[in-house]
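Hi everyone, thanks for coming along. Let me put the structure up, and then we can walk through it together.

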Amino acid sequence: MLGEFEYLLITAAAGLGDNAYGAAIREKIEATTGRKCSLGALYTTIDRLETKGLLKTWMGDATPQRGGRAKRMVRVTPKGVEAARDFYVTVTRVSRDASWVVNRARSLS
């Protein structure tokens, strides 16, 4: 099972599609969660997920905006999609009986 940060990283990369690379993934995670994301944690997790076969990375072309440096591009593999889907389904299932879910449903009725 994925951890929360692994799930966030895979989901952000999937949402970015062909534009998924380290800095863009970091920005998406920070904008979505409101929490800081260190580059060290990001790249350590990318390496771990790639070792597990959940991501594939490669070096893209160098760009003038990055001072001639190449971007490390990220693509979610089918195995990564399955792992993220399993995480989402599990969290949704376990949350059904949580007090905040039950109370919210009652207040909407």
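So, how many aromatic pairs does a search of the whole structure find? The search finds 1 aromatic pair, where pairing means ring centres of Phe, Tyr or Trp (its six-membered ring) within 6.5 Å. The rings of Tyr7 and Phe87 have centres 4.6 Å apart and planes at 25°, so the pair is stacked (planes under 30 degrees apart; over 60 is edge-to-face, and the rest are tilted). Tyr7 sits in helix 1 and Phe87 in helix 4, so the pair ties together parts that are 80 residues apart in sequence. Helices here are DSSP runs of H or I with at least four residues, numbered from the N terminus. Tyr7 and Phe87 are both buried, that is, under 20% relative accessible area with a 1.4 Å probe, protein chains only.

A quick word on the source: this is a predicted model, with local features needing pLDDT of at least 70, side-chain atom pairs counting only at pLDDT 80 or more, and totals for chains, interfaces and linings using all residues. Residues are numbered from 1 along each chain as its sequence is written, and side-chain values use heavy atoms, leaving out hydrogens and water.

Now to the helices around that pair. Glu4, Tyr7 and Ile10 of helix 1 meet Gly80, Ala84, Phe87 and Tyr88 of helix 4, with contact meaning heavy atoms within 4.5 Å.

Last, Thr45, which lies in helix 3, residues 39-51. Thr45 is buried too, at a relative accessible area of 4%, and touches Phe5, Glu6 and Leu9, not counting residues up to four places away in sequence.

Notes: Helix = DSSP H or I, 4+ residues; strand = E, 2+ residues; numbered from the N terminus. Buried < 20%, exposed > 50% of the residue type's maximum accessible area, 1.4 Å probe, protein only.
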